[in-house]
Amino acid sequence: MLKAFESGADGVAIVRCNDGTCKYRGIAHRVNARVDRARKLISMLGIEAGRIEILSPVSGGNGNQYADVCADFTGRIKQMGLRNNKL
Amino acid sequence: MIIGSQKSIDEIWNMVQDFKKVLVFGCNTCVAICHAGGEKEAETIAALLRMRAGQEGKKMEVNHLGVMRHCEPEYFDPVIDEVKKYDLVLSTACGVGVNFLSDRTGNVPVYPGLNTSFYGAVEAPGNFVELCAGCGNCILHLTGGICPIARCSKTLMNGPCGGTNKGKCEISSDVDCAWYLIVERMKKLGALEKLSEIQPPRNWSTSRDGGPRRVSVEHIREYEKQEEQKAGK
Amino acid sequence: MLLNKTETITQPYKPYGAEIKETRPYSPCRAACPAHTDVQAYVSLIAQGRYTEAFEVITSVNPIASVCSMICHHPCEQACRRCIVDEPLAVRHLKRFAIEQSKDYRRRKRRLIQKTKNKSIGIIGSGPSGLAAANDLAELGYSVTIYERHPALGGMLASAIPPYRLPGEVLKEDIDDVIAKGIDVKTNCEIGRDIKLEDLAKKHDAVLIAIGLSLSRSLNIPGAEGAGVLLAIPFLEDVAFNRKPALGKKVLVIGGGNVAMDVARTARRLGVKDVSMVCLESAEEMPAWKWEVDEALEEGIAISHRWGPKAVRRHGGKVQGLEVVKVKSVFDANGRFNPSFDNDAAMLIEADTIIITIGQMSNLSFLKDSPVKTDERGRVEWNPATQMSSAKGIFVSGEVVAGPGSAIAAVASGQREALAMHLFLQGEAIEGKLPAQEKEKIAQLPAEVAEKIIREPRRVIKHMAPEVRCDTMTHFEIGYDEEEALKEAGRCRGCGGGAIVDKNKCMACLTCMRICPYDAPVVTSVSEIRPEYCQACGLCAPECPGEAISMVSYDVREIQKTLASIVGAVDSNRQ
């Protein structure tokens with residue numbers, strides 16, 4: 001996640017299945033914890049924590065739903081604007 | 001083991017900002033176990049520093065590396081030439097490691113990436129607690145295995161102070177009263193009467209008051225000396 | 001492969017982690033495959049949409065992959081650890097999908113291989129084992145000539161597997177891959193009839209006999225000789241080479257094996273409405289695969305179980321039916337095939353055509369007076385340690401020495417043979433240099449892990465409706481579409497592709513043990529991640545404070561390495 005920001009990304013989406021369709025049972029809290037850590041780290045550099053999000057479609061497997069949640073996310077990033085402090 | 005916690009990125013940045021080539025050097029023993037300074041965390045700090053350098057418009061090369069321990073030369077000897085190529089080493093070992101490495105990097109300064117906190121145990125994954133202060137004169141057999149030096153805020157030796165409050169310390173309701181714990185433990189062990197024996201004032205010369213300490217294990221030293229002599233001939 | 005002096009092969013495609021996998025127990029699917037196809041690797045590549053790489057993994061060890069994608073009896077699926085969760089992964093059908101997606105890729109990739117070895121090899125027979133040996137030897141730079149008695153290459157695949165199971169164009173893709181390497185082909189050439197074995201042995205530096213079991217066994221019962229009674233292989237060959245076999249209106253197939261199923265189902269497709277089968281075994285005992293039997297039953301083929309043939313009843317030379325007696329038992333107390341009958345319980349099964357499908361044997365008549373010795377039971381004398389016959393330089397592979405088996409087992413046999421021949425031609429000792437066939441494999445899923453795995457049924461493999469498929473020789477099975485394939489590939493639990501610990505970096509901190517949802521790590525002086533527990537989820541690797549954990553089957557750092565170029569490629573002015 002940090003590498004993406006280091007490379008100049010404006011936002012990072014962690015795209016996963018939803019809890020119902022995930023191949024691995026009961027790992028959501030672990031994924032969330034890792035993502036929260038990354039959010040805290042970028043915050044320390046003054047980058048908005050909201051630039052990292054976990055995206056998962058409501059009931060996985062349907063291509064359009066993935067497209068929709070990704071479109072929503074890029075919309076939110078656009079609202080935040082480009083990172084002004086790029087490499 | 002030794003517990004440490006990472007310095008803030010601002011503090012680290014203030015230390016390193018004027019260097020051009022920085023190595024974040026992880027230590028994969030104690031401080032790795034407490035998720036503060038292993039190779040993984042060294043990598044994270046290195047990434048944050050590169051980003052910060054970019055934000056500040058500074059040209060800085062930051063890499064990371066990790067070895068098993070910074071407190072024994074055999075572990076870092078194989079990479080010491082590599083380490084010496086940097087302008088600055090930011091060690092994420094404990095203070096012991098920073099000191100020890102610093103003596104062995106020639107002209108390259110070694111700065112600390114962590115605050116070294118205490119000797120602790122893993123109470124629960126991610127939770128580390130201080131249980132020993134390394135005072136050099138252990139009396140745990142007298143106190144039911146609970147150390148009043150490390151765990152009583154006042155380091156009292158003969159029972160609690162007036163600040164004990166329903167098992168908690170007056171400094172914070174999150175801190176247990178060590179003497180409350182000791183009494184409860186001794187009751188359970190059926191050895192409460194042991195506590196009526198008065199402990200004399202402690203001799204602190206075995207602790208920090210006696211200057212830097214050193215332990216020498218004679219039979220290991222003896223062997224080493226002979227090896228050194230042989231090598232000399 | 002074990003090669004010493006002669007490192008001239010261009011390295012075959014290796015999936016990520018191939019070297020590490022060789023040092024660890026195989027996934028059960030891979031261990032079960034006679035050619036040790038790395039199923040986990042290619043299924044995972046399919047799941048990632050990397051179809052041509054999946055194709056490379058498959059074909060790196062199997063020159064008849066298209067064929068296997070249609071007809072393999074898939075021991076990998078029977079061994080799949082998902083069996084105890086719900087159903088095995090549809091490995092064969094996924095293989096078919098990957099291969100179908102790689103059609104253009106494979107055609108573009110066909111290349112002539114330089115003949116660097118200055119030695120020539122003659123291969124008798126172009127079935128799976130002959131083709132596999134030809135493929136490997138051509139790859140090694142030998143001049144290879146294949147001798148095939150039929151007009152087309154493929155052995156039984158071309159002459160006895162009916163097209164409704166294996167379409168000719170599918171077989172052709174595999175054969176074209178092999179032949180494109182620069183193999184000389186002599187079809188319509190039968191050894192013993194057109195060329196003598198001795199002449200062949202003089203012409204080539206080494207010879208491989210890979211002729212399979214091409215003769216049908218017959219029954220020694222009254223009435224078996226004469227019109228109206230056919231043998232399986234000639235019947236199937238007639239169909240394969242468009243010679244119409246003479247069938248009546250009521251066909252009875254004797255036998256309960258897979259070839260019997262092929263024969264009965266082929267007869268149905270030749271327009272015979274009334275096809276039935278009779279076999280010694282009960283439904284549970286029959287050697288045919290259950291899915292073959294089920295498909296035959298769907299096609300309206302009746303099976304009479306536990307009846308033994310006694311005589312063919314004829315009237316005026318015309319077949320009227322088969323007299324059968326009740327079977328008391330098929331196997332004796334030692335589990336050996338030794339049927340016993342109750343002669344008081346008899347009946348007549350009416351039929352005007354009877355096809356005998358009770359097993360096959362090799363036609364070894366061309367070995368008469370040759371240096372290749374046969375034993376008292378007519379079998380070729382063969383040394384498994386060298387893969388050679390009693391005649392120096394003449395090797396034997398496939399069903400001739402192994403007995404009836406699967407196509408993929410014949411491939412594996414041909415590959416071993418190729419290695420043995422290579423060693424022989426390079427003047428090296430063969431004994432002790434052939435790799436072990438049995439591989440250590442990962443143990444069964446522990447119950448406590450199995451119960452944590454979400455049930456997800458296998459994607460159904462669609463077939464043409466029975467009434468439609470019986471009217472045609474067209475392949476009856478419908479391939480997965482992309483969505484089905486991706487979902488099915490996602491069911492794989494990644495056995496053997498999971499986490500491993502670098503013992504030099506692990507400091508036994510217990511993080512992996514605490515993080516693992518399946519209790520796979522056991523930490524003593526260092527952590528050991530038990531492969532039978534690990535589900536390759538990858539949670540532990542990024543959490544390891546010492547970066548001591550990596551994944552066998554994928555590079556946890558890969559994304560990190562490629563991110564810069566991906567992000568860099570994005571147009572920052574797009575907004």
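Predicted model: local features only at pLDDT ≥ 70, side-chain atom pairs only at ≥ 80, totals over all residues.
1. Residues are numbered from 1 along each chain as its sequence is written.

2. At the interface, 11 residues of chain A are in contact (heavy atoms within 4.5 Å) with 12 residues of chain B. The two chains bury about 1100 Å² between them, 65% of it on carbon and sulfur atoms; buried area here is the accessible area (1.4 Å probe) lost on being put together, summed over both parts. In chain A, the residues losing the most area to chain B are A:Glu6, A:Met44 and A:Leu45, together 47% of what that side buries.

3. The rule finds 2 salt bridges across this interface, a salt bridge being a side-chain nitrogen of Lys or Arg within 4 Å of a carboxyl oxygen of Asp or Glu. B:Arg50 forms one with A:Glu6, and their closest N and O atoms are 2.3 Å apart.

4. Now to chain B, where an open sheet of 4 strands runs in the order β3-β2-β4-β5, with parallel pairing (strands are DSSP runs of E, at least two residues; two strands pair if DSSP finds at least two bridges between them). β3 (61-67) and β5 (110-112) of chain B stand at the edges with a single partner strand each, so one side of each lacks a neighbour in the sheet.

5. Further in, β2 (residues 21-27) and β4 (residues 88-91) of chain B pair in the parallel sense over 4 bridges. B:Leu23 has B:Val89 in β4(B) as its bridge partner.

Definitions and conventions
Chains lettered and ligands numbered in written order. Heavy atoms only, no water.
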